[in-house]
Amino acid sequence: CNACHGRSFDLIKMQENGWRIGRCQNCKLVQITPQPSQKEIRLLYRNDCKHFAPYQSQTEAHRTYFQTLFSFIERSHFSGRPPRILDVGSATGVFLSLLKKRGTQGVGVDVSRDAVSYCRKNGLEDYEGTLFEVVKKKKWKGVFDAVFACQVIEHERDPLTFFKTMKSVM
């Protein structure tokens with residue numbers, strides 16, 4: 001188990017792709033069991049432009065949602081300077097674009113090569129990989145004022161390391 005390291009799961013559902021959704025008998029966390037390898041996960045995001053078609057059709061809804069998040073940033077105090085924001089799971093860069101438009105420095109991280117390429121073509125700073133991989137490579141420690149990870153945690157293989165890594169960059 002990703003949370004308590006338990007080894008006993010109750011089967012909840014068998015996915016069409018053969019992945020088993022299980023509930024940890026100890027802490028009740030629901031997850032894929034056994035966990036897919038990082039390589040298997042990466043294959044899901046290879047050549048995934050079609051994955052973003054529905055996301056792009058909902059751009060306006062995402063923009064509204066991210067404007068609400070940005071109002072939180074505006075109410076926060078960052079030593080009188082524009083804050084540096086890390087967007088984990090940057091996808092098509094809707095939040096990064098809003099940050100840039102509002103004069104806030106935003107940096108993105110996404111596991112999808114296609115998403116990162118899309119963002120970079122639109123003049124956004126974005127890096128390919130998991131949060132842990134990119135932080136390790138870039139040696140980011142205490143670089144960001146805030147980290148946003150919308151619709152990401154449910155995709156993480158190791159949520160505890162994910163949160164520790166998030167904390168380390170602030």
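Two strands pair if DSSP finds at least two bridges between them. Strands (E, at least two residues) and helices (H or I, at least four) are DSSP runs, numbered from the N terminus.

The model is predicted: local features need pLDDT of at least 70, side-chain atom pairs count only at pLDDT 80 or more, and totals for chains, interfaces and linings use all residues. Residues are numbered from 1 along each chain as its sequence is written, and side-chain values use heavy atoms, with hydrogens and water left out.

**Exercise 1.** Find the strands that β4 is joined to by bridges.

Solution. Step one: β4 and strand β7 (residues 146-148) run parallel and share three bridges; here Leu86 faces Val147 of β7. Step two: five bridges link β4 to strand β5 (residues 105-110), also in parallel, and Arg84 lies opposite Gln105 in β5. Step three: between β4 and β5 the chain passes through helix α4 (residues 94-101), a right-handed β-α-β crossover (with the strands pointing away from the viewer, the path from the first strand over the helix to the second runs clockwise).

**Exercise 2.** Decide whether strand β4 is enclosed or open.

Solution. Step one: buried means under 20% relative accessible area, exposed over 50%, and partly exposed in between (1.4 Å probe, protein chains only). Step two: Arg84, Leu86 and Val88 point one way from β4, Ile85 and Asp87 the other way, and all are buried. Step three: five of the five residues of β4 (residues 84-88) are buried, so the strand is largely enclosed by the rest of the structure.
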